[in-house]
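This report describes selected backbone, helix and distance features of the structure shown below.

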Amino acid sequence: MTLAIHYPALQVVLPLLAAPLCSLMRGRDFAWAFATLVSWLAFGIAVALLFAVRADGAISYHLGGWEPPWGIEYRVDALGSYLLAIVTLISAVSLSFARLSVAREVRQDQHALFYTMWLLCLAGMLGIAITGDAFNIFVFLEVSSLSTYALVAMGGGGDRRALTAAYQYLVLGTIGATFILIGIGLIYMMTGTLNILDMSERLPAVADTRTIRVAAGFLTIGIALKLALFPLHVWLPNAYTYAPNAVSAFIAGTSTKVSLYLLLRFSLTVFGPTFSFGKLPLNEILAVLAVAAFLIFSALAILQENVKRLLAYSSIAQVGYMVLGISFASVTGLTAGIVHLFNHALIKTGLFLCVACVAYRIGSVRITAMAGLGRQMPFTMFAFVLGGFGLIGVPLTAGFVTKWYLIMAALEAGTSLGLVAAGLVLVSSLLAVIYVWKVVESAYFRPAPAGSPPVREAPLALLVPTWALILASIYFGIDTRISVGVARDAAVALLGGIS
Amino acid sequence: MIGNVIPPALPLLAAVLILPITSGPIRKLFTLLLPLLALFLVWQVPDGPGLTFPFIGLDIVPVMGSNVARLFATVFTLMALVGGLFALNQARVVELAAAFGYAGSAVGVCFAGDLVTVFVFWELMAIGSTLVIWSAGTPEAWRASMRYATVHLFGGVVLMIGIVGEILGTGSNAFTQLTLDSPARWFMIAGFLINAGAPPLQAWLPDAYPEGSPFGTVFLSAYTTKTAVFVLLVTFPGAQILIYVGLFMVFYGIIYALLENDMRRILAYSIVNQVGFMVTGIGIGTEMALNGAAAHAFTHIIYKALLLMSAGSVLYMTGKRKCTDLGGLFQSMPVTAICGIIGALAISSFPFTSGFISKSMIAQSAADQHLAIVWMMLAAASAGVFLHAGIKFPWFVFFQKDSGLRPPDPPWNMRLAMYIFAFLCIGLGVWPDGLYALLPYPTGYEPYTGSHLVFQFQLLLFSGLAFFVGLPLMKRTLTISLDVDWFFRVPIRRAGLAILDGASALRAGLADAARDRATDSWHFLQASSGRRRLRMLGQSTGVAVLIVAFLLGLYVVLYYV
């Protein structure tokens with residue numbers, strides 16, 4: 001099929017062109033239906049690409065027929081295709097969910113713009129994952145970031161806290177993006193190329209220069225900011241808490257994942273493992289920050305009274321798990337980090353959708369307000385319990401698969417520090433038990449406040465997407481062939497293929 | 001299904017989904033049919049590993065038959081059946097569903113063909129049993145279930161490190177006999193022993209089990225500890241440390257049971273004591289000792305469930321659980337009393353009851369190995385069992401003083417369940433050959449020899465004498481005996497709370513200190529005045545940017561080093 005060879009371009013172009021069209025749409029639900037359709041199509045393309053890459057290896061697509069390194073290359077490898085599939089899946093499911101939830105939280109006259117922003121954000125993230133050109137990465141990063149700021153700002157039905165949260169995110173996100181741009185610029189200065197593969201080939205010759213080391217510094221900080229890696233996480237809890245519920249679900253499953261992709265891409269593909277982990281102490285730095293992230297934020301999550309903020313804190317902790325996996329600089333460790341991209345996206349988006357169901361019915365996301373919901377919204381709350389199991393890493397959920405590989409990687413290192421890291425991961429998972437438990441306790445063991453009006457179960461249109469993700473998180477906790485298979489391929493390619 | 005074998009755990013696990021969505025007679029039908037189906041399936045599993053399937057890069061064997069597995073799974077499913085009958089009309093559906101999920105997970109462990117499967121069902125069992133305790137619905141049960149879950153999740157953590165280490169070290173995830181020669185295996189045995197109720201965390205058991213509902217406790221008594229006995233039997237037979245651990249448990253259980261006033265806590269302590277016998281048997285590790293441990297697990301589940309059904313019936317009919325509040329119930333609850341007495345005789349190894357034919361094998365194997373001290377300790381402990389469980393429980397609950405309570409016997413299904421297990425207690429004692437044929441190794445053991453009988457009767461006679469001579473000492477008063485669970489009830493909990501308080505105080509302190517120059521992000525976000533908020537917003541973001549600049553400097557310095 002001739003169309004199939006253009007899938008890499010279509011993957012980005014489809015949502016990118018659909019976005020302005022979407023802004024023209026008027027009338028009830030029209031923009032939503034269009035955006036949802038586009039998002040599912042993008043998912044279809046991503047799945048096709050994923051299987052194509054799995055069968056035949058990386059795909060290189062030359063935009064406009066210009067050969068790299070002169071022209072811009074779109075390059076889909078195992079890691080990229082994995083990320084494409086994750087981002088499009090999360091987008092499609094949260095969009096399917098969004099109609100009722102957004103209708104309640106966003107002003108009617110902004111709906112078309114809302115979905116336009118969503119599609120732009122999607123296009124930007126897909127562009128980051130697919131492009132083989134470092135400057136292009138910056139461009140797409142700005143596309144996705146700017147639209148995310150707008151999406152966050154639309155939250156809370158005019159709640160001004162959403163505006164401030166978006167503003168803070170904007171300031172810090174822009175600094176991050178600027179740092180990334182400076183880093184790319186410095187590398188360009190030394191290598192004279194913007195194509196990532198080309199860069200990685202030319203870098204070793206100039207690796208010992210100060211410029212490259214400073215470039216690495218700028219890139220690490222810039223990416224860590226976008227990744228919300230402790231201590232650069234400040235923007236994340238506010239953005240997740242005050243964004244519209246559907247947007248929280250969407251960005252919780254995608255934006256930090258894309259940033260983690262950038263970390264992998266720059267530290268391993270561009271700089272190469274020997275430079276990043278050999279000459280630079282990147283893995284030691286990452287390990288310390290990661291452990292701090294998951295211990296501190298699993299503990300702080302316990303103190304939260306707002307479930308969205310609780311989940312946001314848990315996200316910072318889970319980013320810690322992914323980064324810890326990468327810091328082991330082994331195939332198992334990277335597999336753990338990469339597979340958690342996928343697992344955590346399913347689990348956390350599923351949980352945010354549960355919370356959105358609750359917010360849709362009771363208008364609050366405070367733990368105390370959820371008292372008695374176990375009986376009144378049994379399907380929603382049971383989904384939350386299953387998702388919570390995933391966060392804890394109970395066997396037969398996707399979270400367990402990650403935990404297993406992470407422990408494996410930690411013990412594989414064979415050092416006492418590895419054993420300590422394994423122990424701390426497990427301690428952190430016990431902390432997760434407590435914060436999940438807090439919600440469960442309120443929902444199942446506290447009576448509904450006296451005199452409160454009866455609450456009905458969330459409508460089917462909200463329950464179906466929620467359960468789809470929750471069931472997927474259980475399915476991928478049992479059948480790991482694809483999720484772990486692709487992650488391992490990606491890990492092997494990152495560590496061994498190009499350096 | 002998996003190959004041509006249907007996993008015997010499946011009907012019980014399916015019950016978790018089926019029971020809540022059915023009601024009335026259909027639910028009752030399922031409550032009885034599903035365990036029966038599981039019992040049938042237990043006997044359809046052929047020996048050896050079934051189909052394997054890949055999971056997290058390993059070959060997983062979800063179902064593997066063996067005669068030990070079948071023995072334990074048989075009594076587990078039997079327990080689910082009779083326990084379901086006992087709870088048929090009275091228990092809440094959540095409790096029943098959780099109990100069946102719990103039982104199904106225990107059966108899953110029995111047929112596990114590899115360590116990962118063991119671990120998966122192990123964790124499911126922890127969740128199921130926590131739910132069972134919860135379902136009692138009292139605040140005490142709620143708190144107990146939290147403590148219970150904490151210990152078991154910790155046990156799961158230890159076990160997981162052990163299993164991952166084992167797979168990394170040996171490349172094998174086989175669930176088979178291992179020798180204790182690597183740190184990973186020490187982690188594994190520690191994880192198993194936590195579930196067995198071994199020191200130093202043994203207190204979870206008497207802490208949590210008595211808080212279950214009258215029906216939940218019956219289920220709880222059967223699975224967690226006996227599954228641990230099963231895995232120890234498979235993986236670490238003959239590990240010497242188990243002898244000492246087992247003996248500790250034996251005496252711990254006796255001493256605390258003698259001091260205890262709550263009738264179900266007495267029985268809970270005696271679980272630790274009885275599991276101690278089994279663990280000792282596994283530690284001795286000869287064929288006869290292992291047979292004894294397995295047989296004792298089988299008979300123990302039945303008589304302990306019978307005792308707890310009897311105690312549960314008393315609790316259900318009177319709402320009282322303290323020995324000091326009870327007494328003289330024999331007149332109005334004869335069935336409950338007689339069944340309780342049969343259970344008490346069985347736990348005391350009275351000849352012609354099931355306890356006699358199993359426990360004596362363990363003692364005999366100690367004697368055969370010339371472990372004189374072990375043998376003497378076990379004999380002394382047998383006398384202690386008779387004191388605390390054999391006489392004390394029925395005496396204080398059904399006889400002794402007249403408490404003035406005149407409750408009738410419990411409803412028919414509870415009575416029928418007790419009849420069945422009472423019948424099995426005696427039946428297994430009189431005709432032990434059926435059970436002996438199921439044991440892992442061929443046995444030539446003959447329980448009813450003259451010397452065995454004379455010895456046992458002497459033991460029972462003298463300890464019975466001791467009880468009534470020392471009756472004033474045995475009289476229970478309203479006391480609370482402290483156990484090591486105090487440490488995790490009080491200091492550890494306080495320390496945890498203190499850390500959390502400290503964290504919030506630190507956070508608040510930081511926020512206070514920074515109030516003028518910059519404020520914690522959520523404080524400014526929640527501040528109401530517009531101008532103030534804007535000012536603080538700039539400052540908080542400013543601090544974040546300062547951190548960025550600082551980190552950039554730090555990274556670049558680190559990158560130069």
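In this predicted model, Pro231(A) is placed in the loop of chain A that runs between α8 (210-227) and α9 (235-242). The peptide bond that joins Phe230(A) to Pro231(A) is cis, and its omega is about 0°. Most residues other than glycine have a negative phi, and most peptide bonds are trans. Chain B also contains a cis peptide bond, from Pro199(B) to Pro200(B), with omega near 5°. Pro200(B) belongs to the loop between α7 (183-196) and α8 (204-208) of chain B.

Just after α8(A), Ala228(A) adopts a positive phi of about 60°.

Positive phi values also occur in other loops. Leu396(A), although not a glycine, has a positive phi of about 75°. Its loop in chain A lies between α16 (378-392) and α17 (398-412). Is Leu396(A) buried, exposed or partly exposed? Leu396(A) counts as partly exposed because it has 18 C-beta neighbours inside 10 Å, where 20 or more would be required for a buried residue. In chain B, Ser349(B) has a phi near 60°, again a positive value in a residue other than glycine. Ser349(B) is located in the loop between α13 (334-347) and α14 (354-368) of chain B. With 27 other C-beta atoms within 10 Å, Ser349(B) is buried.

A further helix of chain A is α4, residues 111-130. Its 20 residues reach 29 Å from the first C-alpha to the last, close to the 28 Å expected at 1.5 Å a residue. Helix α4(A) is mostly covered, with 19 of its 20 residues buried.

In chain B, a helix pair provides an example of packing. Helix α10 (residues 241-259) and helix α11 (residues 263-284) of chain B pack at an angle of about 160°, and their axes are 7 Å apart. The angle is over 145 degrees, so α10(B) is roughly antiparallel to α11(B). Their crossing is left-handed. The residues of the contact of α10(B) with α11(B) comprise 19 nonpolar, seven polar and no charged.

| Pair | Separation in sequence | C-alpha to C-alpha distance |
|---|---|---|
| Glu284(A) and Ser101(A) | 183 residues | 43 Å |
| Leu371(B) and Ile284(B) | 87 residues | 8.9 Å |
| Ala73(B) and Gly108(B) | 35 residues | 8.5 Å |
| Val358(A) and Met381(A) | 23 residues | 8.6 Å |

Glu284(A) lies in helix α12 (residues 282-302) of chain A. With 12 other C-beta atoms within 10 Å, Glu284(A) is exposed, since the limit for that class is 12 or fewer. Leu371(B) is in the loop between α14 and α15 (372-398) of chain B. Leu371(B) counts as partly exposed, having 18 C-beta neighbours inside 10 Å.

Ala73(B) is part of helix α3 (residues 67-87) of chain B. How many other C-beta atoms lie within 10 Å of Ala73(B)? There are 26, and Ala73(B) is therefore buried. Val358(A) is found in helix α14 (residues 331-362) of chain A. Val358(A) has 27 C-beta neighbours inside 10 Å and so counts as buried.

How values were computed. Residues are numbered from 1 along each chain as its sequence is written. Chains are lettered from A and ligands numbered from 1 in the order in which they are written. This is a predicted model: local features need pLDDT of at least 70, side-chain atom pairs count only at pLDDT 80 or more; totals for chains, interfaces and linings use all residues. Helices (H or I, at least four residues) and strands (E, at least two) are DSSP runs, numbered from the N terminus. Axes are lines fitted to C-alpha atoms, for helices over the stretch in contact, and angles run from 0 to 180 degrees between N-to-C directions. Angles under 35 degrees count as roughly parallel, over 145 as roughly antiparallel, 65 to 115 as roughly perpendicular and the rest as oblique. A crossing is left-handed if the near helix is turned anticlockwise from the far one by less than a right angle, and right-handed if clockwise. Ala, Val, Leu, Ile, Met, Phe, Trp, Tyr, Cys and Pro count as nonpolar, Asp, Glu, Lys and Arg as charged, and the others, Gly among them, as polar. The expected span of a helix is 1.5 Å times one less than its number of residues.
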